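This briefing covers one protein chain, shown below. The notes after it are grouped by topic.

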Amino acid sequence: MRLSYQEQESVDVLEEVIEEDLCDLVVFNDDVNTFEHVINILMKVCKHSAEQAEQCTLLIHYKGKCTVKHGTFKELRPLCESILDAGITATVM
């Protein structure tokens, strides 16, 4: 009787996922944008709930910055560009 295993396929898929480096989308505080504007942009662009967007906005205000999303650079770049287009300072790190 011969046994066969499918471990190789599982290992290949796992290695593919691990190889993708995760980045952070960071939004920075400024003296121009209102709380309401930042909250609305986080809800629109990052798909945050109202509560999550408000909490991030408070962290941005009091700490100077906040990581608002995690993901691959490829996923975060268009989100960052949308936030920048709204006049809010952000970067992918």
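H2 passes H3 in a right-handed crossing. The model is a predicted one. The axes of the two helices, H2 and H3, come within 9 Å and cross at roughly 130°. Angles over 145 degrees would count as roughly antiparallel and 65 to 115 as roughly perpendicular, so H2 and H3 are oblique to each other.

**The H2 and H3 contact**

- On the H2 side, the residues that meet H3 are Phe35, Val38, Ile39, Leu42 and Met43.
- On the H3 side, the residues met by H2 are Ala50, Ala53, Glu54, Cys56, Thr57, Leu58, Ile60 and His61.
- Thr57 lies in helix H3, and its contacts, leaving aside neighbours within four places in sequence, are Phe35, Val38, Ile39 and Leu42.
- The relative accessible area of Thr57 is 4%; the cut-off for buried is under 20%, so Thr57 counts as buried.

**Gln52, also in H3**

- Gln52 has its place in helix H3.
- With a relative accessible area of 36%, Gln52 is partly exposed.
- Gln52 and Val68 are 16 residues apart along the chain, and their C-alpha atoms are separated by 9.1 Å.

**The loop between H2 and H3**

- Lys47 is placed in the loop between H2 and H3.
- Lys47 is not a glycine, yet its phi is positive, at about 60°.
- The relative accessibility of Lys47 is 67%; exposed means over 50%, so Lys47 counts as exposed.

**Nonpolar core**

- The largest nonpolar core has 21 residues.
- Those with the most contacts inside this core are Leu25, Val27, Leu42, Cys46, Val68 and Ile83.
- Two or more residues of this core come from each of these elements: strand E1 (22-28), helix H2 (35-45), helix H3 (50-63), strand E2 (65-72), helix H4 (73-85) and strand E3 (90-92).
- H2 gives the most to this core, with 5 residues.
- In soluble globular proteins, nonpolar side chains tend to be buried together.
- Not counting residues up to four places away in sequence, Leu25 touches Cys46, Cys66, Thr67, Val68, Lys69, Leu76, Leu79, Cys80, Ile83, Ala90, Thr91 and Val92.
- Among these partners of Leu25, Cys46, Val68 and Ile83 are also listed with the most contacts inside the core.

**The loop between H4 and E3**

- Ala86 is found in the loop between H4 and E3.
- At a relative accessible area of 21%, Ala86 is partly exposed; the cut-off for buried is under 20%.
- Leaving aside neighbours within four places in sequence, Ala86 is in contact with Asn33, His37 and Ile41.
- Ala86 and Asn33 are 53 residues apart in sequence, and the C-alpha to C-alpha distance between them is 9.5 Å.

**The chain as a whole**

- The chain contains 4 helices and 3 strands.
- The pattern along the sequence is α-β-α-α-β-α-β.
- Of the 93 residues in the chain, 29% are buried.
- Of the contacts between residues at least 6 apart in sequence, 66% join residues at least 24 apart.
- The chain has an accessible surface of about 7,100 Å², and carbon and sulfur atoms account for 53% of this surface.

Terms used
Residues numbered from 1 in each chain as written. Predicted model: local features only at pLDDT ≥ 70, side-chain atom pairs only at ≥ 80, totals over all residues. Heavy atoms only, no water. Buried < 20%, exposed > 50% of the residue type's maximum accessible area, 1.4 Å probe, protein only. Contact = heavy atoms within 4.5 Å. Areas by Shrake-Rupley, 256 points an atom, 1.4 Å probe, with all protein chains shown as cover. Core = buried A, V, L, I, M, F, W, Y, C linked by side-chain atoms within 4.5 Å. Axes fitted to C-alpha atoms, helices over the stretch in contact; angles between N-to-C directions. Parallel < 35°, antiparallel > 145°, perpendicular 65-115°, else oblique. Left-handed = near helix turned anticlockwise from the far one by under 90°.
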